[in-house]
Amino acid sequence: MLQHNADPTIRSLIILGGGTSGWMTAAALAHFFVPRGVQVTLVESEAIGTVGVGEATLPHLRFFNQTLGIDEQEFMRATGATYKLGIEFSNWGKQGDAYIHPFGDYGQDIRGVAFHHYWLKQYLQGKAYPIDEYSLPIMAAQQNKFLFPSSDERSILSTFSYAYHIDAGLYARYLRNYSEARGVARQEGKVVSVSQTDSGDIKSITLDNGKELAADMFIDCSGFRGVLIEQTLKTGYEDWSHWLPCNRAVAVPTERSASFPPYTKAIARDAGWQWRIPLQHRTGNGVVYCSDFCSDEQALDALLKNLDAPTTADPNFLRFVTGKRKQAWNKNCIAIGLAGGFLEPLESTSIYLIQIAIMKLVEFFPDREFDAAPRAEFNRQLDLEYDRVRDFLILHYHATQRTDSAFWNHCRTMKIPDELAHKMELFRARGHVVQYKQGLFLEPSWVAVYLGQGVIPQAFDSRVNAVSERDCTALMAETHNLVARASGDMPLHEKFLQHHLQVPAAQYASPKARMSLYGVRT
Amino acid sequence: MNISSIAVVGDSLAAWTAAAMLAKHFAQQIKICVLEIPVPDDASAESAMPSLREFHRLLNIKEREFFQATDATFKLATHYRDWLRPSHSYWLGVGDCGMSLDGVEFQHYANLLHQCGDSTAYDAYSLTVQAARKRKFNPLSNSQQAAGFQLPYTMHLDTASYKKMLRDYAIAMGVTAIGGELAQAELTLESGKLRQLQADFFIDCTGAAGKLIENLAPGEFVRDGLGCDRRLSWIEPSPADIPNHTTLSAHAYGWQKTIPLRTEVHQHYFYSSEFLSDAQALEIIKQQTTEDVQLANLHSGYRPNPWVKNCLALGEAANGGGQLGLSNLHLVHTGILRFIELFPSVESPAFAQEYNRLTALEYERVAHFQQLPFALSQRDESNFWRVNKMHALPDALSHSIDLFKQRGKIASHEQETFSSPSWAAMFLANQCWPQKYDPRLSGIKLEQLQQHTAAMKTGIQQIVTAMPSHAEYLQAYCSNT
Amino acid sequence: MTFGQADAIQKIVIAGGGTAGWMTAAALANALGKTCEIHLVESAEIGTVGVGEATIPHIQLFNEMLGVDEDEFMRKTQATFKLGIDFVNWKQKGHRYVHPFGSYGEDIAAVPFHHYWLKLSQAGIAPALEEFSITIQAAYANKFMRPVDIPDSPLSAFNYAFQFDAGLYAAFLRDYAGQRGVQRFEGKIAQVKLRAHDGFIESLALENGQLMSADLFIDCTGFRGLLIEQALNTGYDDWSQWLPCDRAIAVPCANADVLTPYTRATAHTAGWQWRIPLQHRIGNGHVYSSRFMSDDEACAILMKNLDGEAMAEPKQLRFKAGKRKKMWVKNCVAIGLASGFMEPLESTSIHLIQTAIARLISLFPSRAFHQREIDFYNQHGAYEYERIRDFLILHYKATERNDSPFWDHCRNMEIPQYLQDKIDLYQNSGRIYRENDELFGVTSWLAVFEGQGIKARAYHPMVDKLATGEIQARVADYQKVLRKCTSLMPAHIDYIQQHCRSF
């Protein structure tokens, strides 16, 4: 009888590590590849804690959930989630400043030219309202309001998107149920040794209970350590701490607070920044700091001093090196999550970077021959994502006028990547935002941070002059009014949330998600 | 830099294209003039890319008027003859082949069927190719569009009349045309100034000579080392059954481009003077035609810095539109729009830097796409083909080829001119079928896929059958007002 | 008053209600509509043989003619799909090959594929012939799907048949025929009454006294041939010198783990065993020669070689390979076992019923019963039988087995000239011709020749127009495509689950 050994399909795959990245990967594979005959096993140990950062998410997560057929209401209930319209940055440009980076646009394009140019023209003449007042998600967030966006492009309500604050631990648990129900096997155990083939591919892992698990392919979700990608395959790490010096964090949850804003807070401190993430049942808090400029005690002290409710657990210290694995995909192993790289959660990108790696994995899913070109393309595309998020984060530190601490003096004066310097120069010169198609943060985000942190252009797009002063003023006033009215009419976030957690499933009508940070009009 | 005047130099199609678009945006604020220095390089007809329609939309040019004025025809496809090997031919349609399903691009499904032995040509799934083969044309009805079919198109046009149309447009918008003696004089750009006229900014549209930019960045033009440097052109009367496709026929020393207009067919015979002398070329052409033949010198390549100081090179002065010249007009469009986007309202080198960065990225991909028909060709009967085929593949292109051959995927790049489906269609037309099918398709129900593709093919055939001929449609379209 | 021809057949009686009887009833009801009264008489007391559960692809035509929905038919008959027959131990013990319902490879320049393969094979550089049959590859992998119309794909170029419960099939057709006006009568036939002046059958007298008269009688009474033989004394051609098996023991057993999309025929020391997987059970039977083996031994061998627990008592059958001298005599047409018997080695029983019906319909008589048409019917029927006979004999003759007197007998026996010519032609030139309407074509003969060790010494001269390297490349390409296609087929069991699971 003839055997079909020629079939090179991946038959088995092991995910090492069961945090957010592990279970998100498991869930996606359960959806896409378990039905196609791939045996997926996730190995995790209850003895190893998960980092559980990334409680603040980006709108893309909605796309992930919808792709997997996850019901939003059920997800909200299961993860203690609240809605999120953006991130508020306080004290970044200078002490006392605050701005919101919204999941949406400012105004709308006029004759193919971005709104902020028209705003700039008026602003430079001292005639404009703050640009925030032309952004519906910002105005809604400031008033603690929330409403689902509309998919009708004519409506001002289509100019934003939304994300969630979630309990990452609960999300992982939720996805675990999802995955196990769809055929993913879970193995309890710690890896004690890894065996490789002659060509260096990972052959199997041996657990502390003596079990040896072999697979065609391995996904390393083991966190910072990178048990497979680094400890075994010695892939190497690109260290970015000269641009993003923070290397520690301390996190602590507090009781549910009275203030229930639909946005994450990122408050700059003397040597780093503090996050505040409001969930249904508690608030997540933490300080990210640089050990060169701040001791653990100082950091903890700053954190505890700036909480608005009693803590509900002991503080948890973390150490990290900002950077990226030199190759997220090496041999038959792909690192996803912290094993693949670490960027501080300043712009809530952790879960997004997991998600994008998973989506690329699905797109470039290999077979046992592990062809070079798809792997190279996967790495190239992920590198681009990381590089661009990195530059965007550096901007937050670098674009500051703060002179009140050694940390900020360092950031303000440090050398930044050439590409970023070029981008900043173009914005300074005339409000031009460098465009790219592959990347998370597009024009509105760059505008938000530039303007929010005091990078004010000297000039604006010359095409603006082709619109008469009167038309321009009228159009801007109309947008301003619309935003004010629409945000005024929105329900309070807390009320909206309570209502929507309780309505019958049929009445819970969340809009269709896209792989975008912004509304459908953008 | 506060620009209050712009001088566009050269009486080329690029010049008037730039002037029209500049006028559209800045006529009220900026003095724009065109110094009408004769430029010999323009081809007598152009086969445009689909972006021409968007360009016209921006200028508010009505398509019917454009057709009436420029002897234009519709273009649905390009017919590549004898490229892969003599007597083999393939068609690349405007727009995409097939329809993607469940978020997986169509080429993966076609590949799966191919791996099952399916002999259907990939272009059977292209409505534009099928209509072009039959020389038929008609815009789609709403119900056809609702069924998921699309008929994107572009145009063939007569260069001289189109240039005149844009000139009229620009002048109506306030652009000054400067001809006469000034345009005859030698150009000398001295410390950012032309002797003939004062302007804050110059757009060099003087063709391959690059008369201004060459002053500022002498010798920078990078030759591709590929393609052709000569063009012989002549004009024949159109057949009654006017084609709606461009034909690119490979021959031993280059290729011939046939652009069908309403009343005339423009033939352009491209060759490389390295392998064929002008006299030999003329001999060959004499066997094809008794019409007058024009000779032009070309260069294939690009300027890494088309924007230097206060001068921007556009058209042939900046690049040759890729080895096959597929994108010459298109790159003028994107060039002038990019310039307007980055219009330097303050003094900063960042604008030119950004323009040059994006333009280089764009050109690289355009050139890579046009290298494909050479790289994948099996022809080797002459030095022209041997040299072109052996021409080193740039890393990014060889990655693109590997990625497609292995998995049928298109490498994703910024500033891509040709869409992923177009890349896929080019690979598949060259019989470059991926070795593997996308794992997302494993377990797919072949019956359903077969029904889907059969319905697609039938739908396309039905639409094409019901269409009037291109000639009939044109006749009605252009006589209507 | 009728508008038809004056001498049209107005009434038909079918004697016997097994597979043959009900297939005939259904087909005639469908073909004749209301122009003709059809009665079928059967007795619940007489069991049916119910072999022939395995079919060949032509059955699809029969279903199509009746307008039967294939999935529904499968659900109602516990049917499974069949891609071919797996012959185990025929060439020699431990050897196996499949006779597939689909050709090998694809023709190149109008020359059949197997000539190219023969060239490579004779040079010792050919992959196994079975590598070029998607049917065989799918069968070995227990995969199945109906062909898909993908141009030039092997997936569009194979055939399939069914394995079903013949009893349920008869019941299914009884409902079908009943709905179309066929009347069923319960009763045993006591006497066949002949017309005195011409010896035509006048009527059947049942034990309950009922008299069934008709213009045309169809004898589906099985081996006995109650009408054709017992009443009309037609005579029987005995073929047991070539096909020595004369007994069978049948027993169903529980299903095995894997639902195979093929029938298996395993040679034993004095005959062979069939294995026919259905949705709810496996049909098994041991066909043997009583000259070489006792009933007890045959039964023991059968019971030892079941995949699952036996689900009933073994049932014995006796038969004599051969054919009725004439299948149509006067106004009586014998269909099914009444017309002849050949062991179900190539699953031909139901097919022979089907072709007899088709032939009857195309030569449907008037009450005048023209002898020319009857002769024509019989000639064709005989030819068909003989060609199938020859193909069956090949299985016994082409063997290397020498482990039992039975096989020694078969290996050394004289064979019909037609078969000998066919073998010689293949050995000398690699050619296989299908003559007239013979059932088995190139693929079938090739499968059995190569599967049982008959080798060709030459190949088609036009093959040499292609360089060997070119042939190898084309062949390798085809192999690659075929592997891919096979890998894309679902498991047989899953396909049934999705389309035609019986409840």
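Helices here are DSSP runs of H or I with at least four residues, strands are E runs of at least two, and both are numbered from the N terminus. Everything below comes from a predicted model, where local features need pLDDT of at least 70, side-chain atom pairs count only at pLDDT 80 or more, and totals for chains, interfaces and linings use all residues. Residues are numbered from 1 along each chain as its sequence is written, while chains are lettered from A and ligands numbered from 1 in the order in which they are written.

**View 1. A:Met424 sits in helix H12 of chain A.** That helix covers residues 418-430. A:Met424 counts as buried because it has 21 C-beta neighbours inside 10 Å (buried means 20 or more other C-beta atoms within 10 Å of a residue's own, exposed means 12 or fewer, and partly exposed is in between, with C-beta atoms placed from the backbone). Look for A:Trp446 too: C-alpha to C-alpha, A:Met424 and A:Trp446 are 9.6 Å apart in space and 22 residues apart in sequence.

**View 2. Chain A meets chain B.** The contact takes 30 residues from chain A and 28 residues from chain B; two residues are in contact if their C-beta atoms, placed from the backbone, lie within 7 Å. On the chain A side, the elements giving two or more residues are helix H10 (372-398) and H12. By class, that side has 13 nonpolar, nine polar and eight charged residues. Here Ala, Val, Leu, Ile, Met, Phe, Trp, Tyr, Cys and Pro count as nonpolar, Asp, Glu, Lys and Arg as charged, and the others, Gly among them, as polar.

**View 3. Chain B also touches chain C.** This time 10 residues of chain B are in contact with 13 residues of chain C. Helix H4 (106-115) and helix H16 (446-466) are the chain B elements that give two or more residues to this side. H16(B) has the largest share, three residues. The chain B side splits into three nonpolar, five polar and two charged residues.

**View 4. A:Leu16 belongs to the largest nonpolar core.** A nonpolar core is a set of buried Ala, Val, Leu, Ile, Met, Phe, Trp, Tyr and Cys residues joined through C-beta atoms within 7 Å. This one has 442 residues, and those touching the most other members include A:Leu16, B:Val8 and C:Ala15. Helix H1 (residues 13-26) of chain B gives the most to this core, with 11 residues. Leaving aside neighbours within four places in sequence, A:Leu16 is in contact with residues including A:Val43, A:Phe218 and A:Asp220.
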